[in-house]
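Visitor: Please bring up the model, and then take me through a few of its local features one at a time.

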Amino acid sequence: EISACLVGSEMCIRDRLCIFFNACHNSNTAPQLQLADSLIDKRADSALCILEKLSIEEISNKSAKAMYALLLTEALDKNFKSHRNDSLILIAVDYYKDNSNNKLKTKAYYLGRVYQDNKEYIKATEAYLTALKTASPNQAPILQIYNNLALCYESQEFYLPAIKTYKESYATAEKMQDKYGILHATRGLGNVYAIQDEEEKALSYYQKALSIACLLYTSDAAD
């Protein structure tokens, strides 16, 4: 039934997965966590549905508990749900801080997202700077870190660091040939220059961002 559902709509996928895991839920959470992890990038709503059927109190294994905390925070973020406090993500951060897997440590940048949602920009900035130290220079999370760090600087009216960070994001996105990353950095630069009333620079970046957005729209429509 799940295989058939995956051919259907996103609503169908989400509803059937929720029904399936609600019926089959037991103390062994590993399969659920693995499936949520496999869905988190492209079907974050389905991943969230699975994770919300679990309870961290029922997970005794430290590794599984950390993975659950990280996945749930990430799923909430990707579904545009505000983070209320840092108690959940800190479980993952504390576990992964001494872990040799840099990818997992970098994903703990969601600590920054939690602080950012709660307008604790100093703490968010510190979290993103820490995440940058272990981020791979050629993987997508580094662009998210750069852009959110720049937004934190912008929110604190630290415009020069914001510009510097957006330019670092732009340069990294170019190396990765990530057009969406280039778009986000370009738009961010336009915003910062507009705030500072540097109209010519702002207009230049906005026009470039618009051109990139049009190309991406045309490409997506063709697909």
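Visitor: Is Q177 buried or exposed, and what is its relative accessible area?
Guide: This is a predicted model in which local features need pLDDT of at least 70 and side-chain atom pairs count only at pLDDT 80 or more, while totals for chains, interfaces and linings use all residues. Residues are numbered from 1 along each chain as its sequence is written, and side-chain values use heavy atoms, with hydrogens and water left out. Q177 sits in the loop between α11 (159–176) and α12 (179–195), helices being DSSP runs of H or I with at least four residues, numbered from the N terminus. With buried meaning under 20% relative accessible area, exposed over 50% and partly exposed in between (1.4 Å probe, protein chains only), Q177 is exposed, at 70%.

Visitor: What is the phi of Q177?
Guide: Most residues other than glycine have a negative phi. Q177 is not a glycine, yet its phi is positive, at about 55°.

Visitor: Where is D197, and what is its relative accessible area?
Guide: D197 is a residue other than glycine with a positive phi, near 60°. It lies in the loop between α12 and α13 (199–222), and D197 is exposed, with a relative accessible area of 62%.

Visitor: Within what arc do the buried residues of α3 fall?
Guide: In helix α3 (residues 30–39), the buried residues are Q32, L33, A36 and L39, whereas Q34 and S38, on the other side, are exposed. Taking the directions from the helix axis to the C-beta atoms, the buried residues of α3 line one face of the helix, because seen down its axis they fall within an arc of 130°.

Methods: Helices (H or I, at least four residues) and strands (E, at least two) are DSSP runs, numbered from the N terminus.
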